[in-house]
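Me: I am new to this structure. Please walk me through how to read its features.

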Number of protein chains: 2
Amino acid sequence: MSSLHFNRIESLRSLMRRGGWDAVIITGTDPHGSEYPASRWKQVEWISGFTGEAGDIVVTADHAGLWTDTRYFIQAVRELEGSGVALHKMRVPGQVSIPQWLAEKFPEGARVAVDGLCQSYEAISALDSFEIVDVPDMLSTLWSERPDIPMTPIETLSEEEVGKSRGAKLESLRGFLDSKDCTAMLVTSLDEIAWLLNVRGSDIDYNPLVISYLLIGKEEVSWFVRKDSLEDLDPDTLDSFEELEADGVCICGYSDLAAGLSQEQDRYDRIFVDPSTLNYTVGKLVAEIYGEDSIVWGRSPVVLEKSVKNEVEIAGFREAYYEDGIALEKFLFWLEQKVQDGEVDEWEASRKLTSLRAEIPGYRGDSFENISAYGANAALPHYVTPEKGSAKILPHGLYLVDSGGQYIFGTTDITRTVPMGDCTRLEMEDYTLVLKGMIDLSMAVFPYGTSGSQIDALARMPLWKAHRNFGHGTGHGTGFYLCVHEGPQDIRQNHNAQPLLPGMVTSNEPGIYREGLHGIRHENVVLCKEAGENEFGRWLEFETLSLCHIDTAAIIPELLGEQEIEWLNRYNAHVYEKLSPRFYGEMKQWLREKTLPL
Amino acid sequence: MSSLHFNRIESLRSLMRRGGWDAVIITGTDPHGSEYPASRWKQVEWISGFTGEAGDIVVTADHAGLWTDTRYFIQAVRELEGSGVALHKMRVPGQVSIPQWLAEKFPEGARVAVDGLCQSYEAISALDSFEIVDVPDMLSTLWSERPDIPMTPIETLSEEEVGKSRGAKLESLRGFLDSKDCTAMLVTSLDEIAWLLNVRGSDIDYNPLVISYLLIGKEEVSWFVRKDSLEDLDPDTLDSFEELEADGVCICGYSDLAAGLSQEQDRYDRIFVDPSTLNYTVGKLVAEIYGEDSIVWGRSPVVLEKSVKNEVEIAGFREAYYEDGIALEKFLFWLEQKVQDGEVDEWEASRKLTSLRAEIPGYRGDSFENISAYGANAALPHYVTPEKGSAKILPHGLYLVDSGGQYIFGTTDITRTVPMGDCTRLEMEDYTLVLKGMIDLSMAVFPYGTSGSQIDALARMPLWKAHRNFGHGTGHGTGFYLCVHEGPQDIRQNHNAQPLLPGMVTSNEPGIYREGLHGIRHENVVLCKEAGENEFGRWLEFETLSLCHIDTAAIIPELLGEQEIEWLNRYNAHVYEKLSPRFYGEMKQWLREKTLPL
């Protein structure tokens with residue numbers, strides 16, 4: 001591994017010398033600013049061996065470094081060994097960002113090469129003291145087996161399935177563009193495109209997206225998506241294209257964006273783009289074709305509109321969490337037997353869970369890679385269960401399973417930490433305090449206008465009072481048969497002015513991680529909804545969508561208040577009431593026992 | 001009243017015509033950005049009759065308007081009647097600020113006149129599309145009886161009294177200026193000056209401040225403070241000046257600032273100023289004398305340093321709350337007798353309380369005007385108890401008293417809402433829920449780096465769960481024998497990135513206000529302090545400084561949790577333990593009964 005990556009960096013240095021570049025930046029994202037890129041754009045992994053989800057590489061003549069945050073320090077040290085790549089720590093006091101580091105090392109005007117396709121337009125502006133050399137697909141010349149741009153089958157979703165037709169969505173977006181006095185918008189973020197067009201694909205693992213660009217004018221829409229000749233396409237995709245064309249969407253080649261932009265140059269005299277997701281190469285292209293003055297920079301309104309789920313989507317989420325709960329309860333029943341009977345490891349458990357989800361009609365895959373972690377493994381915040389040699393799950397201590405499914409009627413994300421037998425006092429304390437925080441946040445009522453950062457402390461206070469904490473956010477938005485992480489809202493300590501709005505679906509997942517001992521996370525997903533209006537204002541509350549019992553065996557009841565115990569008993573009774581009609585015999589009896597009041 | 005103010009506005013309009021001004025802005029602050037100005041700068045009141053603490057006036061040829069926020073709407077309507085001044089509502093949806101309103105009414109380049117002494121440099125920048133006509137002391141020509149700039153006796157505080165000598169404070173500030181590559185700083189905020197020089201005066205009611213400017217160089221310090229000839233000064237002030245001069249502080253005339261700045265022009269090639277408190281007239285002066293390029297704009301570091309109390313100040317606060325508690329308990333005992341015996345009104349109660357505080361050695365005055373409000377009067381957030389015809393306090397319902405003292409060893413601020421006899425179910429519910437929030441915030445533990453906005457919801461959640469709320473912040477910083485309100489920290493819903501730091505003293509004062517019924521506020525002041533460090537980080541908690549029992553008669557115990565009841569019982573027991581040695585007989589017995597566990 002090590003010499004492999006060492007050699008790749010050396011070959012990049014040859015390229016640098018030929019180009020006369022002082023430094024190269026390689027990022028871990030794709031041309032669409034995706035959180036998880038397709039394998040073609042796992043460039044950081046290819047050159048350094050680092051597989052974490054967040055990290056950028058800088059290579060100079062005499063240095064190679066990986067910039068990543070606290071979550072990945074241990075993993076980075078292990079994976080970078082022998083590669084010659086040094087770790088630069090981010091989100092720590094005294095951190096030095098890439099622009100700062102470069103500014104310290106190189107004079108103004110130094111030549112910094114980037115693959116502009118994989119850098120946001122916004123990020124490049126922080127490097128304005130340098131000469132930026134944009135080399136789209138820079139690594140292709142070195143990376144002989146580099147995967148192609150994916151082109152998986154494309155499906156369309158009907159208005160009945162998603163609650164709003166693509167026509168209505170485009171109309172609403174055009175209303176926004178009118179208000180900004182714009183004649184067009186270039187959408188480059190993949191989940192925004194999928195949402196706007198009501199299309200889904202599987203170009204990226206776990207994310208039902210189609211790699212493409214979308215150009216929206218006052219009347220017409222061009223989707224730059226095709227990577228093959230029409231003859232090479234599967235019948236489903238051809239059907240989808242036909243339906244889209246009937247709706248006035250012009251299907252174009254993914255590589256024809258420049259031509260498409262040029263063609264509309266006269267009509268689109270004011271074009272709206274979001275610099276946080278637009279890549280640098282395409283941003284420059286737009287600026288060249290339309291002129292800087294014709295560009296209107298701003299945040300895409302699609303992000304917010306997409307996050308507020310409509311009635312059909314909400315009904316879909318309820319259905320998804322119902323089916324998902326059935327699968328998860330079957331899994332937990334199976335697991336308990338298996339662990340008691342003898343041998344099961346984390347990997348086997350993970351496969352079993354996926355196979356149970358796969359039985360659900362409308363299942364399209366998992367929404368992220370299952371985290372199936374026993375004992376101390378669960379303390380690694382981004383543990384990846386190994387296919388071979390994963391840990392045995394023993395009949396004591398805690399097992400953590402964080403998983404979710406993609407269904408055509410919704411996306412799920414749920415974590416249960418399960419006592420497999422006797423637990424230590426510390427395990428039980430941590431288990432109870434994390435649960436207490438999750439319940440306290442679940443019970444919150446708050447005025448319209450409240451943001452997640454204003455109520456995040458509710459989920460943490462029980463831990464804080466015991467001088468314990470967790471290093472990740474408490475909650476993230478989730479998409480509807482889209483990405484399991486989506487904005488604009490979240491629940492975390494960092495300030496985020498976006499209020500929680502009725503219709504938003506957000507996770508509630510406090511945790512605690514003790515290296516070498518155990519890791520605990522309790523995660524439900526909650527729907528924000530109206531709770532009435534009076535002289536003090538308009539009130540909102542959460543409804544928990546997730547349906548899977550919370551094991552009471554590891555709870556220390558004295559650490560919970562009366563209302564918390566009441567919430568828990570009501571929740572478990574609700575789970576039994578909803579799910580038990582689908583179970584019989586031993587399994588039903590098991591769930592009955594699991595959901596008895598504390 | 002009405003024709004008086006109408007005529008004053010008309011006379012201002014004459015001035016406007018002579019000057020060729022399109023609009024005049026009159027603000028309610030002084031040349032130092034003070035929250036409460038001396039009477040000389042109560043210009044909004046003089047011209048409009050409006051006495052609220054926050055409001056600005058705009059006069060044009062055909063319109064006069066007062067811009068103020070929600071707290072003052074009712075009061076403004078009453079006080080402005082007949083003056084011809086219209087109310088412009090701020091902090092409401094769709095609000096139109098003064099710059100927006102002017103921009104809608106006048107073309108670019110219109111002439112807007114201001115008294116630049118009473119406008120912050122920062123505020124004027126929002127008016128950059130207009131021609132600003134700066135007329136310092138504009139109203140003096142119309143306002144024949146305008147009060148002079150105050151010059152009250154000045155006292156100095158020793159290192160023993162405040163914990164840090166003025167020499168050490170100035171040295172620390174010079175370290176900051178070095179770090180910014182600055183050779184001087186002009187300090188214009190009065191509480192910063194008082195803190196830096198360890199001086200106090202009484203130029204402003206309730207605020208022990210000295211109206212002055214302070215110019216700090218690398219070696220020398222000039223204090224622009226004298227408004228009289230030396231012979232006219234009282235002996236205390238002369239002693240203070242002598243002490244300051246011995247410490248190297250040059251005493252200058254308040255009106256000699258321009259000359260002083262000019263004199264140092266060559267030595268002070270980079271001068272640091274804070275545009276949030278610097279007034280426009282002086283800002284222009286600095287820019288003229290030193291040149292725009294020599295000015296370094298930034299937030300004054302004094303604000304933060306002043307807010308973190310040292311050991312001497314913390315000991316002083318404990319002493320102040322001990323003495324203050326004695327006075328307040330005496331008052332509450334007296335009040336209960338008086339109300340039961342027969343007749344007492346809000347004003348009489350207020351005077352009694354002040355007289356009890358005045359008995360404390362080191363008392364220098366109240367820290368703000370007592371709010372002494374019975375029944376529905378307490379629902380007015382800024383109720384001013386009238387000297388004549390104030391409401392009788394009856395032996396039922398709730399009486400609210402918000403008050404504080406200035407002592408040479410600290411500043412206090414405390415609110416108690418007291419059941420005077422039978423209360424309605426709603427009064428008791430509100431009383432208990434507000435108290436529950438106050439207790440929940442008191443019990444908070446949080447990691448180093450947490451800001452007030454991250455824990456504000458703790459104080460509100462009990463009310464929020466009952467769909468109730470209050471419209472003010474939960475907590476403000478308080479000074480040490482300085483202003484009862486000070487920054488930079490606070491506890492409120494609005495985002496404020498400033499973390500709560502060990503040594504900060506902040507109020508904890510949730511409330512609820514029901515027009516026509518009752519108003520409730522429970523306010524303690526808390527010290528932020530270290531609570532240990534472990535693998536999860538560095539922990540902070542609050543220690544309650546206020547010492548006065550919380551009446552349990554209006555509590556509905558079922559609405560409190562076990563830990564909240566425990567906190568309350570412990571607090572009341574602590575109050576008894578600390579204060580009772582100073583009481584005898586009936587009074588001691590009374591306090592014993594008031595502090596019995598719930």
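Me: Across the interface of chain A and chain B, how many residue pairs in polar contact does the rule find?

Reply: Nine residue pairs, both residues at pLDDT 80 or more. A polar contact is a pair of N or O atoms within 3.5 Å; within protein, one must be able to donate a hydrogen and the other to accept it, and residues adjacent in sequence count only if both atoms are side-chain atoms. This is a predicted model: local features need pLDDT of at least 70, side-chain atom pairs count only at pLDDT 80 or more, and totals for chains, interfaces and linings use all residues. Residues are numbered from 1 along each chain as its sequence is written, chains are lettered from A and ligands numbered from 1 in the order in which they are written, and side-chain values use heavy atoms, without hydrogens and water.

Me: Which element gives the most to the side of chain A that touches chain B?

Reply: α16(A), with eight residues. Helices (H or I, at least four residues) and strands (E, at least two) are DSSP runs, numbered from the N terminus.

Me: How is the size of an interface given?

Reply: Often as the accessible area lost when the parts come together. Here chain A and chain B bury about 2400 Å² between them, 61% of it on carbon and sulfur atoms. That area is taken with a 1.4 Å probe and summed over both parts. Gln454(A), His467(A) and Phe536(A) supply 27% of what chain A buries against chain B, more than any other three residues.

Me: How many residues are in contact?

Reply: 29 residues of chain A with 29 residues of chain B. Contact means heavy atoms within 4.5 Å.

Me: How many salt bridges cross this interface?

Reply: A salt bridge is a side-chain nitrogen of Lys or Arg within 4 Å of a carboxyl oxygen of Asp or Glu. The rule finds two across the interface of chain A and chain B. Glu535(A) forms a salt bridge with Arg514(B), with the closest N and O atoms 3.3 Å apart.

Me: Which residue forms a salt bridge with Asp430(A)?

Reply: Arg468(A), with the closest N and O atoms 2.7 Å apart. This pair links distant parts of the chain, 38 residues apart. Asp430(A) sits in helix α15 of chain A, and Arg468(A) in the loop between α16 and β22.

Me: How do I read two packed helices?

Reply: By the angle between their axes and the distance between the axes. In chain B, the axes of α15 (residues 425–442) and α17 (residues 562–579) come within 10 Å and cross at roughly 85°. So α15(B) is roughly perpendicular to α17(B), a label for angles of 65 to 115 degrees. Axes are lines fitted to C-alpha atoms, for helices over the stretch in contact, and angles run from 0 to 180 degrees between N-to-C directions. Residues making the contact include Leu435(B) of α15(B) and Trp567(B) of α17(B).

Note on methods. Buried area is the accessible area (1.4 Å probe) that two parts lose on being put together, summed over both. Angles under 35 degrees count as roughly parallel, over 145 as roughly antiparallel, 65 to 115 as roughly perpendicular and the rest as oblique.
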